[in-house]
Amino acid sequence: MDIVINLVVAFLPILTAIIVGSILERNHFKSIRERENMFINLPCIPSKNIEDKPIMHSELVYGSTVVSLDYFKRFLAGLRNIVGGRVRSYEGMVDRGRREAILRMKAKCKGANAIINFRMETSTISKTGRGGARKIGCIEVIAYGTAITYSKDE
Amino acid sequence: MILTNIDSVPGKEIVEHYGLVSGSTVRAKHVGRDIMASLKNIVGGELKGYTELLNDSRQEAMKRMISQAEELGANAIINIRFSTSSVAQGAAELYAYGTAIKITGVE
């Protein structure tokens with residue numbers, strides 16, 4: 001009986017991480033999809049070429065976010081590193097961060113017609129602990145571009 | 001001050017060019033925030049404390065860039081780029097740079 005209790009206590013943080021982490025991730029993806037539908041009419045173009053229309057207003061907009069992975073997935077990714085191949089858990093994290101950053105950028109310019117010269121940058125801001133082990137493996141994503149509004153008198 | 005990251009200000013004409021202006025800031029993480037972030041790190045997801053910290057620092061870097069441009073007498077900055085790098089353990093450098101110019105039609 002004691003062994004069982006000890007095991008449960010030992011695995012409790014991991015179990016909480018799995019359950020809470022996956023619920024949070026699912027909710028986050030749901031809200032991302034909802035907001036992406038809201039901004040479906042605001043295109044985000046990585047080139048400088050724009051339609052030949054007079055532009056009334058242009059301004060710099062940016063959005064950023066810091067995301068990290070849950071404890072259990074980080075452990076899985078560590079295992080994955082031994083054999084190599086696709087690391088799905090990290091793919092999910094990066095996807096979440098990018099889409100969230102884009103949405104935050106779009107939320108700052110609701111009246112605009114388009115965002116041009118869109119750029120995105122990702123950087124790791126991890127802290128290395130004892131023995132080179134990564135204590136906090138998180139990434140920062142920043143998305144920025146120029147929001148333009150066409151003049152209406154046409 | 002007009003800020004864009006394309007190489008002109010649409011609808012305006014560039015009359016003078018002042019060269020590169022930049023602003024940077026190095027921020028270390030707060031101990032309290034660090035503890036909160038490590039707790040949040042167990043379940044994963046967004047680390048709000050860090051997002052806020054980096055946003056504040058980026059605004060500071062932009063403010064420095066803008067004041068540098070104002071000193072030169074510019075009224076717009078074009079071609080703005082951002083970059084982030086971790087310079088030391090637990091500290092991040094945020095850097096913003098662009099080209100300061102003077103345009104017509106803005107006082």
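**How chain A meets chain B**

A:Glu140 and B:Arg58 are both buried, where buried stands for under 20% relative accessible area, exposed for over 50% and partly exposed for anything in between (1.4 Å probe, protein chains only). The two residues form a salt bridge whose closest N and O atoms are 3.1 Å apart; a salt bridge is a side-chain nitrogen of Lys or Arg within 4 Å of a carboxyl oxygen of Asp or Glu. This pair crosses between chains, from strand 5 of chain A to helix 2 (residues 48-72) of chain B. Helices (H or I, at least four residues) and strands (E, at least two) are DSSP runs, numbered from the N terminus.

The model is predicted, so local features need pLDDT of at least 70 and side-chain atom pairs count only at pLDDT 80 or more, while totals for chains, interfaces and linings use all residues. Residues are numbered from 1 along each chain as its sequence is written, chains are lettered from A and ligands numbered from 1 in the order in which they are written, and side-chain values use heavy atoms, with hydrogens and water left out.

Now to the interface as a whole. Chain A brings 41 residues to the contact and chain B brings 32 residues, contact meaning heavy atoms within 4.5 Å. The area buried between the two chains is about 3,100 Å², with 53% of it coming from carbon and sulfur atoms; buried area is the accessible area (1.4 Å probe) that two parts lose on being put together, summed over both. Eleven residue pairs, both at pLDDT 80 or more, are in polar contact between chain A and chain B. A polar contact is a pair of N or O atoms within 3.5 Å; within protein, one must be able to donate a hydrogen and the other to accept it, and residues adjacent in sequence count only if both atoms are side-chain atoms. On the side of chain A that touches chain B, strand 1 of chain A gives the most, with ten residues.

Strand 1 of chain A also pairs with strand 3 (residues 45-46) of chain B, in the antiparallel sense and over two bridges; two strands pair if DSSP finds at least two bridges between them. Within this pairing, A:Val67 has B:Glu46 as its bridge partner.

Side chains of opposite charge can pair when their charged atoms come close. Ten salt bridges occur over all chains, and three lie across the interface of chain A and chain B. In one of these, B:Glu46 meets A:Arg104 with the closest N and O atoms 2.8 Å apart. Because B:Glu46 lies in strand 3 of chain B and A:Arg104 in helix 3 of chain A, the pair joins two chains. B:Glu46 is buried at 12% relative accessibility, whereas A:Arg104 is partly exposed at 24%. Another salt bridge links B:Asp7 and A:Lys48, the closest N and O atoms being 3.3 Å apart. B:Asp7 sits in the loop between strand 1 and strand 2 of chain B, and A:Lys48 in the loop between helix 1 and strand 1 of chain A. B:Asp7 is partly exposed, with a relative accessible area of 42%, and A:Lys48 is partly exposed too, at 34%.

B:Asn5 is found in the loop between strand 1 (2-3) and strand 2 (14-28) of chain B. B:Asn5 counts as buried because its relative accessibility is 0%. Its side chain makes a polar contact of 2.5 Å with the side chain of A:Thr146. Not counting residues up to four places away in sequence, B:Asn5 touches residues of both chains, including A:Leu60, A:Tyr144 and B:Ile80.
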